[in-house]
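Biologist: Please take one part of this model and go through it closely. I would like to know how that part sits against its surroundings.

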Amino acid sequence: MENNRKIKIVIVDDEYAILVALKLALEEEFDISITLCAEECLEYLYKCKPDIVLTDYNMPGMNGIQLIEKVTRGATKIKTIIYSANLNEEIKSKAIKMDVFACLSKPFDIGVLRVLLRNAMKKNDVM
C-alpha cells in the first residue's frame with residue numbers, strides 16, 4: 001500500500017523572511033506550516049500533529065533547544081532539526097543529548113535540507 005501523504009513540517013524562526021523563503025523552497029514536496037515563535041509552535045503542535053519540527057536556535061523568549069525539549073517531552077514521534085548561524089559545540093552537544101535528528105549551520109543548502117527531511121521520516125518507516 002502506497003502512502004501519498006506529504007510529510008508535515010512546522011518551521012519556527014523569528015525572521016519572517018527566512019520562514020517565507022523556506023516555505024517557498026519546500027512546499028512543493030512537503031506540507032509546510034510556519035510560526036514566528038516557539039510558543040506559537042507549541043500551540044500549533046496539538047492542532048497539526050506534524051512529523052518534523054525545523055527550528056532556529058536563536059529566538060527571543062524560548063530558544064530552539066528549549067522548544068525541542070518541550071516538543072519531545074513524552075511519547076512523541078516528532079523528529080526535530082535545529083539550525084543556527086552560530087552553531088557551536090555546546091548547542092550540538094545539547095542537541096545530541098535530546099536526540100535531535102540533525103543540526104545545520106546557516107546558511108545551509110536547501111538540497112541538503114530536503115534530503116535530511118526525507119531521511120528523518122525514513123528512520124521510522126518499516127521497509
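**Helix α2 and its surroundings**

Modeller: In helix α2 (residues 38–48), the buried residues are A38, C41, L42, L45 and C48. They fall within an arc of 140° when α2 is viewed down its axis, so they line one face of the helix. The arc is taken over the directions from the helix axis to the C-beta atoms. Buried means under 20% relative accessible area, exposed over 50%, and partly exposed in between, with a 1.4 Å probe and protein chains only. Helices (H or I, at least four residues) and strands (E, at least two) are DSSP runs, numbered from the N terminus.

This is a predicted model, in which local features need pLDDT of at least 70 and side-chain atom pairs count only at pLDDT 80 or more, while totals for chains, interfaces and linings use all residues. Residues are numbered from 1 along each chain as its sequence is written, and side-chain values use heavy atoms, leaving out hydrogens and water.

E43, Y46 and K47 are exposed, on the face of α2 turned away from its buried side. The buried residues of α2 pack against β1 (8–12), β2 (31–35), β3 and α3 (64–72); contact here means heavy atoms within 4.5 Å. Just after α2, K49 has a positive phi of about 50°.

D56 is buried, at 2% relative accessible area. Leaving aside residues up to four places away in sequence, D56 touches V12, D13, D14, G64, I82, Y83, S84 and K106.

The loop between β3 and α3 contains N63, which counts as buried at 17% relative accessibility.
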